[in-house]
Amino acid sequence: MVQVKRQDRRKVYEYLLLEGVIVIKKDMALPVHAETGVKNLEVWMLLRSLRDKKLVDLVFSWQYYYYYLKAEGVKYVRDKLGIVEDVIPATFKKADKKFEEDVTERRGPRGNKPFGRGGNRGPRRAEEQTETTAQQ
């Protein structure tokens, strides 16, 4: 059992509440967690206890732990921090429509078609057919 200072626990909970997800490298000897400034082992132990309470989901991939905050976890962390309900994690917010606008700006020189070859080549062949029939 690792005892975590109140201020360190608060840092981890605040980061988790703002982002909605926290990533921990599976290296318990790592002196400090990069995003929170708390010992990596302490961050891992805090989130492991939240997982045991079924407040976060865990995904483990390529030696990294990904902890995602659930709706029940948001309520719990808000209560622990004494924060108003106006704070919403970034993973709970809807995506901006800027992404769709950026995709339309990245079109090729031929207008609506994307860069590269392929796609519908029908009209081009139809033009060739009309030229051959016009010549005859």
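Before I start, the cut-off I need: a residue is buried when its relative accessible area is under 20%, exposed when it is over 50%, and partly exposed in between. Also a reminder to myself that this is a predicted model.

**Entry 1: aromatic rings**

I looked for ring pairs across the whole structure and got 3 aromatic pairs. I went to Trp 44 and Tyr 65 to begin with: they make a tilted pair, 6.0 Å centre to centre with 40° between the planes. Trp 44 belongs to helix H2 and Tyr 65 to strand S3, so this contact ties together parts that are 21 residues apart in sequence.

Is Tyr 65 buried or exposed? Its relative accessible area is 12%, and the limit for buried is under 20%, so I put Tyr 65 down as buried. Trp 44 is buried too, at 16%.

Tyr 65 has another partner. Phe 60 and Tyr 65 form a tilted pair with 4.8 Å between the centres and 50° between the planes. Phe 60 is partly exposed, with a relative accessible area of 40%. Putting the rings together, I get one aromatic cluster made of Trp 44, Phe 60, Tyr 65 and Tyr 67.

**Entry 2: what else is around Trp 44**

I checked for charges over the ring of Trp 44. The charged end of Arg 48 sits over that ring, 4.9 Å from its centre.

I also looked up Asp 27. Asp 27 and Trp 44 are 17 residues apart in sequence, and their C-alpha atoms are 9.9 Å apart in space. Asp 27 is in the loop between strand S1 (21-25) and H2, and is partly exposed at 28% relative accessibility.

**Entry 3: salt bridges**

How many salt bridges are there? I count 2.

One is Arg 10 with Glu 14, where the closest N and O atoms are 3.3 Å apart. Both residues are in helix H1 (residues 6-19), and since they are 4 residues apart there, about one helical turn separates them. I have Arg 10 as partly exposed at 37% relative accessibility, and Glu 14 as partly exposed at 33%.

The other is Asp 57 with Lys 70, with 3.4 Å between the closest N and O atoms. Asp 57 is in strand S2 (residues 56-61) and Lys 70 is in the loop between strand S3 (64-69) and helix H3 (71-81), so this bridge ties together parts that are 13 residues apart in sequence. Asp 57 has a relative accessible area of 37%, which means partly exposed. Lys 70 is partly exposed as well, at 25% relative accessibility.

**Entry 4: positive phi**

Lys 54 is one to note: its phi is positive, about 60°, and it is not a glycine. I find Lys 54 in the loop between helix H2 (40-52) and S2. Lys 54 comes out at 59% relative accessibility, so I call it exposed.

Trp 62 goes on the list too, with a positive phi near 50° in a residue other than glycine. Where is Trp 62? I find it in the loop between S2 and S3. Trp 62 is at 79% relative accessibility, so it counts as exposed.

Technical notes:
Residues numbered from 1 in each chain as written. Predicted model: local features only at pLDDT ≥ 70, side-chain atom pairs only at ≥ 80, totals over all residues. Heavy atoms only, no water. Salt bridge = Lys/Arg side-chain N within 4 Å of Asp/Glu carboxyl O. Helix = DSSP H or I, 4+ residues; strand = E, 2+ residues; numbered from the N terminus. Buried < 20%, exposed > 50% of the residue type's maximum accessible area, 1.4 Å probe, protein only. Phe/Tyr/Trp six-rings, centres within 6.5 Å; stacked < 30°, edge-to-face > 60°. Lys NZ or Arg CZ within 6 Å of the ring centre and 35° of its normal.
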